[in-house]
Amino acid sequence: MTVLCVRFLLPPMYEAALPRLLGLLEEFTPVVQALPPDGALADLRGAERYFGRTALELASVIRVRALALHGVDCVIGAGPGPMLARMALRDARPGLTRAVPEDEVREFLAGRPVAALPGVGARTARTLCEYGLDTLGRVAAAPLSTLQRLIGARAGRELREKANGVDRGRVVPNAVSRSLATERPFTRDELDPGRHRRALLSAAEELGARLRAVDKVCRSITLTVRYADRSATTRTRTLPEPTAHSAALVGAAYGLYEALGLQRARVRVIALRAEGLDPAEQASHQLTFDPVDEKVRRLEEVADRARAKFGPRAVMPGTLAA
């Protein structure tokens, strides 16, 4: 086991704390890949030799230091490669690192549903299940030619390798996330457009706050609406200029929603994704000389400071839009 997948138990909208926690991991190894908003991969191949400790022992030290220095607990999965470490993380609990030793990889994978494998989407999983290939053990035992007929030559070869525990992934230091996402599920199928818009308002303001917390702007925003029949509609809009301004994100989200023309739609989940992230310092902002816009931006700064000090619920959704 040389790779750890660490998920820090951060409150929502606290990505600003992630760089400090990545610095904690970098005290053990320079090969650290950020997985915003709250996770990271760390390759401990050299660290095990340098510190004379196993990956599991180093994982325990990392957790203790995260708690002692930052007051943040974490869950950790460990495996021979990034894919297996990510899968192990799903079984991890605070204080208990889930490890997949190299000689137990096939046993770990065999009984898991095919959809549990990273990179296997709902359509591919459905196709495989229709032919009885519903577990990774059955996929691993299937002839390569069968898998290639079902899902394609390259995809079939990669799927069979992964199902057999062949993890060709690697930890890429300083990889930067190109998107942030949030969603608003409803407790029941929601018909009221007013509630849809309030969910959009809350989601867009959260994205704005999260972008500003990590000094990023986005170039586009994507709206996904999932319905009671499990179907979904996705639309993307490129913004006039890269921004982290909540009012701009809310306006774009409302525009995407109105363009769908939903009438009595039974909505189960509304999700927003900010895409094409760039450093805020590299973005240009067109001055409007609009006193209302400038006032809202100043209020955003105050609200962000309040969130940083008192938590994400310090500012109620819709306060700035009002």
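Reader: Where does aspartate 91 sit, in terms of the helices and strands around it?
Author: In this predicted model, aspartate 91 is placed in the loop that runs between α4 (82-89) and β5.

Reader: How far is aspartate 91 from isoleucine 76, in sequence and in space?
Author: The two residues are separated by 15 residues in sequence, while their C-alpha atoms are 9.1 Å apart in space.

Reader: Moving on to charge, which residues gather in the patch of negative charge on the surface?
Author: That patch is formed by Glu102, Asp103, Glu104 and Glu107. One of them, aspartate 103, belongs to the loop between β5 (98-99) and α5 (105-110), and its relative accessibility of 70% makes it count as exposed.

Reader: What about glutamine 33, is it buried or exposed?
Author: Glutamine 33, which is part of strand β2 (residues 32-35), is buried, since its relative accessible area is 11% and the limit for buried is under 20%.

Reader: What does the side chain of glutamine 33 reach?
Author: It reaches the backbone nitrogen of valine 172, at 2.9 Å.

Reader: Last one: what is the phi of arginine 264, and where does that residue lie?
Author: Arginine 264 has a positive phi of about 55 degrees, although it is not a glycine. The residue lies in the loop between α11 (246-260) and β9 (267-275), and with 67% relative accessibility arginine 264 counts as exposed.

Conventions. Residues numbered from 1 in each chain as written. Predicted model: local features only at pLDDT ≥ 70, side-chain atom pairs only at ≥ 80, totals over all residues. Heavy atoms only, no water. Helix = DSSP H or I, 4+ residues; strand = E, 2+ residues; numbered from the N terminus. Buried < 20%, exposed > 50% of the residue type's maximum accessible area, 1.4 Å probe, protein only. Polar contact = N/O pair within 3.5 Å; in protein donor to acceptor, adjacent residues only side chain to side chain. Patch = residues over 30% accessible without salt bridge, like charges linked within 9 Å, V, L, I, M, F, W, Y side chains within 5 Å. Areas by Shrake-Rupley, 256 points an atom, 1.4 Å probe, with all protein chains shown as cover. Salt bridge = Lys/Arg side-chain N within 4 Å of Asp/Glu carboxyl O. Lys, Arg positive; Asp, Glu negative; His and termini not counted. Charge placed at Lys NZ, Arg CZ, Asp CG, Glu CD.
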